[in-house]
Amino acid sequence: MKKIYSLLIALSLVLVSSCDLDLQQDPNNVAPETASLNLVLNRIQIDFATFFNQTGDTGMRLTRMLNQGSNIYEQTHAPVTQNARWTNAYANILNNIKFLVPLAEEANFRRHAGMARVMQAYTLMTLVDQFDDVPWSEALDPGTTLSPNLDEGSAVYAVALATLQAAREDFAASSIGTPQDLFYNGTWANWVRLINALELKYHLNRKLVDPSGSAAAINALIAANNFIQPGQEFVFRFGTNLTDPDSRHPRFASQYQPGGGGDYQSTWFMWRMTEEKSVPDPRARFYFYRQVIVNPTDADQLRCLGEIAPGHYLAGGWPFCLPGTRGYWGRDHLNAEGIPPDGEGRTAWGVYPAGGRFDNNAGAAVSPTAGAGGQGVHPIMLPSFVDFMIAEAIQTMDGVSGDAKAYLDAGIQKSMNYVRAQSVATTQAGVINTFQPLADYNEQVEDYLEVVDREWSQANADDRMDIIGREYWLALFGNGNESYNLYRRTGKPGNMQPGLLENFGTFPRSMFYPNNHVVTNNNARQKSESRTERVFWDTNPEGNSWVY
């Protein structure tokens with residue numbers, strides 16, 4: 001797959017067939033009669049993976065999965081930072097899908113159409129999840145208007161559901177043509193199982209605005225029991241090629257360079273994985289790679305070493321500066337300090353999901369050829385996510401029946417299994433098996449499940465939802481889209497580490513519209529500076545009383 005991916009990045013830049021073009025035809029404007037639907041679909045898949053990473057970064061930082069810079073929320077995620085994802089969604093993904101689907105239907109390339117529609121539905125839902133009202137009915141048709149009006153978020157969500165149902169019909173129909181499937185390698189039944197998982201996500205997000213309808217739909221999906229299973233993960237896989245093109249996982253490429261650098265991991269997320277429970281999370285050595293295995297002592301490298309924790313941190317019992325003493329080196333939430341020369345000290349992305357190094361206490365610096373060389377994945381929708389969503393539905397929705405604890409346990413187990421399985425499928429297999437044989441790992445997982453079981457048995461209903469939310473959040477590492485939705489939808493996990501300033505602003509319940517949309521669209525309006533506007537399915541209390 002990594003070699004195929006490298007070739008496809010290059011090939012996808014050319015969306016015309018090898019036939020001769022009329023000399024008066026602009027080769028940059030692809031016409032239906034000259035387009036290769038395979039190459040158009042390849043380009044859609046690659047742009048879709050980029051969109052997932054662009055939007056997921058926002059959610060990871062807001063939900064303390066990665067460090068969120070700036071001192072206050074009002075300084076984060078400015079309109080200009082939304083430009084690339086907006087352009088990618090509309091000019092690339094949705095525009096190319098609009099071009100492809102009619103041609104695919106005409107040629108009876110129904111699998112091409114089905115794949116494109118699934119990605120269209122995910123893209124539309126994610127746009128609504130981040131911005132709420134977005135252009136759709138007047139979008140993608142410059143012949144009609146250059147300033148499309150916004151459609152209500154609920155209406156665009158409904159379009160996404162209809163698109164998923166149309167995709168289901170595509171995969172059920174007879175079809176010619178074999179697209180290059182970068183996700184499931186031509187196992188079309190897995191696309192149908194994925195559609196069911198995305199419909200589950202759709203109805204769960206809408207549970208507050210349509211309780212009975214969502215409950216009925218979720219019950220029907222659970223009864224049908226045709227979701228993705230282990231081995232059917234919806235992930236985008238990366239390779240190890242450094243240049244021309246760079247096929248590595250983008251988190252690896254940005255951090256595993258001479259001198260290190262890149263992301264700061266979240267002190268809070270690392271603390272919850274390594275220090276909170278009586279046993280460490282077995283996934284920690286896969287998620288995080290420590291370049292140093294003991295805490296630094298030089299305040300010039302890590303300024304907070306010479307500081308007293310803020311008063312509200314002390315009062316709330318939140319960790320400050322470093323989680324524990326074992327070299328997990330990140331940053332607290334909303335830390336806007338300058339960047340010291342600490343690139344070879346800070347904790348890096350590990351072998352999962354970024355294709356970095358497994359942490360076997362080596363304590364060596366990162367490099368462009370270290371670990372799995374970037375052979376990681378974007379975890380877009382995993383079987384474990386489905387179990388956690390069902391557990392939430394059972395725990396929080398009237399009319400959804402089942403055993404929430406059984407789904408919680410299944411979600412944890414599937415997450416643990418997949419993180420290790422994906423990691424040992426890389427060149428890090430020898431390091432992993434030597435340091436942590438499978439039998440030892442499975443024993444650690446059993447110990448972890450026993451801790452969760454004790455917590456559950458002592459918890460009330462709200463605390464049990466907090467356990468579900470916490471375990472889902474921990475399993476989501478690398479996927480900020482679902483963590484942002486989870487946090488706004490449920491307020492879980494609760495008791496999040498606050499910003500370093502006591503008054504750190506108001507948590508953004510939706511994003512600013514991109515600058516390139518507001519400036520060029522005469523019908524556009526920008527949101528208020530506080531970004532308190534909620535997406536249509538978020539009817540939870542306003543302000544930091546719900547999430548902060």
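This is a predicted model: local features need pLDDT of at least 70, side-chain atom pairs count only at pLDDT 80 or more; totals for chains, interfaces and linings use all residues.
1. The largest pocket has a volume of about 430 Å³. It is lined by 17 residues, and those closest to its centre are Trp86, Tyr90, Leu140, Leu146 and Pro148. Two elements, α3 (83-106) and α18 (515-520), each give two or more residues to this lining. Helix α3 supplies the largest share, five residues.

2. By residue type, the lining of the largest pocket consists of nine nonpolar, seven polar and one charged residue.

3. The structure holds 42 aromatic pairs. In one of them, the ring centres of Phe171 and Trp191 are 6.0 Å apart and the planes meet at 20°; planes under 30 degrees apart count as stacked, so this pair is stacked. Phe171 belongs to helix α5 (residues 153-172) and Trp191 to helix α6 (residues 188-205), 20 residues apart. Phe171 counts as buried at 13% relative accessibility, and Trp191 is buried at 0%.

4. A further stacked pair is formed by Tyr287 and Phe477, with ring centres 4.5 Å apart and planes at 20°. This pair links distant parts of the chain, 190 residues apart: Tyr287 is in helix α10 (residues 284-287), whereas Phe477 is in the loop between α16 (461-475) and α17 (480-490). Both residues, Tyr287 and Phe477, are buried.

5. Phe171 and Trp191 also belong to one aromatic cluster, whose members include Phe48, Tyr122, Trp188 and Phe238.

Methods. Residues are numbered from 1 along each chain as its sequence is written. Side-chain values use heavy atoms; hydrogens and water are left out. On a 1 Å grid over the protein atoms alone, a cavity is a set of points where a 1.4 Å probe fits but cannot get out, and a pocket is an open set with protein on both sides within 12 Å along at least five of seven lines; lining residues have an atom within 4 Å of a point. Grid points are joined across faces, edges and corners, and a volume is the space filled by probe spheres set on the points. Helices (H or I, at least four residues) and strands (E, at least two) are DSSP runs, numbered from the N terminus. Ala, Val, Leu, Ile, Met, Phe, Trp, Tyr, Cys and Pro count as nonpolar, Asp, Glu, Lys and Arg as charged, and the others, Gly among them, as polar. Rings of Phe, Tyr and Trp (its six-membered ring) pair if their centres lie within 6.5 Å; planes under 30 degrees apart count as stacked, over 60 as edge-to-face and the rest as tilted. Buried means under 20% relative accessible area, exposed over 50%, partly exposed in between (1.4 Å probe, protein chains only).
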